[in-house]
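Trainee: I am new to this structure. Please take me through the terms used for it.

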Amino acid sequence: MERIGVGFSGGMSPPDIVECVKLAEDLGYESAWVAEGHGGDQFAILTACAVATSRIKLGTSITSVFVRTAPTIAMAAATVDHFSNGRFILGLGSSHRVQVEPEHGLEFIRPIERMRECTDIVRGILRDGDIKYRGDVYNIERFDLWFEPLRREMPIYFAAVRPRMLEICGEVSDGVILTWCTLEHAATAVHHVSEGAKRAGREPGDVDVSTLIACAVSEDRDIARDELRRYVATYIQRFPRYRRLVSEAGFADEVQAMTQAWRDGRVEEALAMAPTGLVDSVALAGSPEECRERLQRYRDAGIKLPIVSPRASGPNARERAMAVIRACAPGQ
């Protein structure tokens, strides 16, 4: 059966997310992922999902290595792993300066070094039960875990966009989580992950390559596009990493115009300016058949695990999210 996951980034209540994950399990989805941000505590939501399901894998997409300490990440991961009976996947990422500093009051420095060291610490705590660690970012005199993890090793995936981080994924992670990914970037990302794996003496095929793909379903494709347009524009304007990604994908002029409107304070105008071609290049929008065809193109580009992400909020959000889950279910 085709591999597919579903991801949630807020917009629904935590109980609604649990109901969606139960539906995804019933329909044969391999995994369900919960983002960190403003949509509720991801580890709490995933624990609720764990006790409400029995087969579907559960992951974070992603946990920021800045806003939680490495030991608290290890404890949270081990806790969800217990409740899920070994179904948990830890997705880690650096998040973004524009989130870490103004939203959390923390300094965003040395993100790559922090990612590497946090991963070492989490793995060490799970493996040995305690750790002493001195690195360039972390200095931990001692931390000991007062319960035994269900698994001494668990999969750790990294979020990545740029080549350097993608190659680090290939070197040390079990998988990579992409987002706002064009088909061309998917192929490029797979290449860089493979290069990193080879450099570390690993088999490139041992590194799972996944991507979150925003999705809206409607028989009227324009309605589906409009449902996603504001989400696409918001991410592009808020996060320089994604702004650069889509500019390099051939939308530099459009992005520049949107950015100028945003900076001039014409926010509503900027949010409506994401061109149809841009929405189509980074998301799934259309009928169930059109969305499934686009999913196959991501698989053909080298994505092993596409993760459809309903961006539903407001009235009837749960019903719209469930429509996406049904439309993209495996075996359709």
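Trainee: Why are helices α3 and α5 called oblique to each other?

Mentor: Helix α3 (residues 70-83) and helix α5 (residues 111-128) pack at about 50 degrees, with axes 9 Å apart. Angles under 35 degrees count as roughly parallel, over 145 as roughly antiparallel, 65 to 115 as roughly perpendicular and the rest as oblique. α3 and α5 are therefore oblique. This is a predicted model, in which local features need pLDDT of at least 70, side-chain atom pairs count only at pLDDT 80 or more, and totals for chains, interfaces and linings use all residues. Residues are numbered from 1 along each chain as its sequence is written, and side-chain values use heavy atoms, without hydrogens and water.

Trainee: Which residues make the contact of α3 and α5?

Mentor: With contact meaning heavy atoms within 4.5 Å, they are Ala70, Pro71, Ile73, Ala74 and Ala78 of α3 and Cys118, Ile121, Val122, Ile125 and Leu126 of α5.

Trainee: What makes Phe43 and Phe88 an aromatic pair that is tilted?

Mentor: Rings of Phe, Tyr and Trp (its six-membered ring) pair if their centres lie within 6.5 Å; planes under 30 degrees apart count as stacked, over 60 as edge-to-face and the rest as tilted. Phe43 and Phe88 are 6.1 Å centre to centre, with 45 degrees between the planes, and form a tilted pair. Phe43 lies in helix α2 (residues 42-52) and Phe88 in strand β5 (residues 88-93), 45 residues apart.

Trainee: How do you know whether Phe43 is buried or exposed?

Mentor: Buried means under 20% relative accessible area, exposed over 50%, partly exposed in between (1.4 Å probe, protein chains only). Phe43 has 6%, so Phe43 is buried. Phe88 has 1%, so Phe88 is buried.

Methods
Axes fitted to C-alpha atoms, helices over the stretch in contact; angles between N-to-C directions. Helix = DSSP H or I, 4+ residues; strand = E, 2+ residues; numbered from the N terminus.
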